[in-house]
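Here are my notes on the model. Please read them with the structure open beside you.

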Amino acid sequence: MTETVRTDIKGIELFIFEKGADRERLHLHISEVGPGTRAHPPHQHDGQEIFYVFSGEGEVLFGEQTHRLTDNQAVHVDCRVLHGIRNVGETPLRYAVIIAR
């Protein structure tokens, strides 16, 4: 089998996609943002999304709700609802984003 190897995905040194994998349906990247910041403003799009916190303290906006997450915690959201994550702690927030379309 022939796989595709990428080294340009945010926060991931080496990402291997095996033959037959649909790279458009499932996405993963790792982000790190400083205290009081976010990677981008809250937004909406198709699909489902999981925010998983490796370290730090984050606040996930989901519509009118917010969810506080710390180390080894996650939230799964419907991306059609306004959503985003920001660092509400005093140390860097390191987290994974998994998106299924």
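**Notes on the model**

1. Start with Glu59, which sits in strand S5. Helices (H or I, at least four residues) and strands (E, at least two) are DSSP runs, numbered from the N terminus. Glu59 is buried, at 17% relative accessibility. Buried means under 20% relative accessible area, exposed over 50%, and partly exposed in between (1.4 Å probe, protein chains only). The side chains of Glu59 and Arg86 are joined by a polar contact of 2.9 Å. A polar contact is a pair of N or O atoms within 3.5 Å; within protein, one must be able to donate a hydrogen and the other to accept it, and residues adjacent in sequence count only if both atoms are side-chain atoms. Not counting residues up to four places away in sequence, Glu59 touches Thr66, His67, Arg68, Gly84, Ile85, Arg86 and Val88. Contact means heavy atoms within 4.5 Å.

2. A word on the source. This is a predicted model, in which local features need pLDDT of at least 70 and side-chain atom pairs count only at pLDDT 80 or more, while totals for chains, interfaces and linings use all residues. Residues are numbered from 1 along each chain as its sequence is written, and side-chain values use heavy atoms, with hydrogens and water left out.

3. Now the overall fold. The chain has zero helices and nine strands. From the N terminus on, the elements read β-β-β-β-β-β-β-β-β. The C-alpha trace spans about 45 × 30 × 20 Å along its principal axes. Of the 101 residues in the chain, 32% are buried. Take the contacts with a separation of 6 or more: residues 24 or more positions apart account for 61% of them.

4. Which residues have the most contacts inside the largest nonpolar core? They are Phe51, Ile85 and Tyr95, in a core of 13 residues. Strands S4 (48-55), S5 (58-62), S7 (73-78) and S9 (93-100) each supply at least two residues of this core. The largest share, four residues, comes from S9. A nonpolar core is a set of buried Ala, Val, Leu, Ile, Met, Phe, Trp, Tyr and Cys residues joined through side-chain atoms within 4.5 Å. In soluble globular proteins, nonpolar side chains tend to be buried together.

5. Beyond four places in sequence, Ile85 touches Arg38, Phe51, Val53, Glu59, Val60, Leu93 and Tyr95. A second, separate core has six residues, including Ile9, Phe15, Phe17 and Ile30.

6. Next, the largest pocket. About 170 Å³ of space lies in it. Grid points are joined across faces, edges and corners, and the volume is the space filled by probe spheres set on the points. On a 1 Å grid over the protein atoms alone, a pocket is an open set of points where a 1.4 Å probe fits, with protein on both sides within 12 Å along at least five of seven lines; lining residues have an atom within 4 Å of a point. Arg6, Asp8, Lys10 and His27 are among the lining residues. S3 gives the most to the lining, with three residues. The lining divides into five nonpolar, one polar and six charged residues.

7. Ser31 belongs to strand S3. Is Ser31 buried or exposed? Ser31 counts as buried, because its relative accessibility is 2%. A polar contact of 3.1 Å joins its side chain to that of Lys10. Leaving aside neighbours within four places in sequence, Ser31 is in contact with Lys10, Leu93, Arg94 and Tyr95.

8. Pro35 lies in the loop between S3 and S4. With a relative accessible area of 44%, Pro35 is partly exposed. Pro35 and Ala21 are 14 residues apart along the chain, and their C-alpha atoms are separated by 36 Å. Setting aside neighbours within four places in sequence, Pro35 is in contact with Asn87, Gly89, Glu90, Thr91 and Pro92.

9. Asn72 lies in the loop between strand S6 (65-69) and S7. Its phi is near 65 degrees, a positive value in a residue other than glycine. Asn72 is exposed, with a relative accessible area of 58%.

10. Finish with Thr66, in strand S6. Thr66 counts as partly exposed, at 45% relative accessibility. Not counting residues up to four places away in sequence, Thr66 touches Glu59, Val60 and Leu61.

Notes: Nonpolar A, V, L, I, M, F, W, Y, C, P; charged D, E, K, R; others polar.
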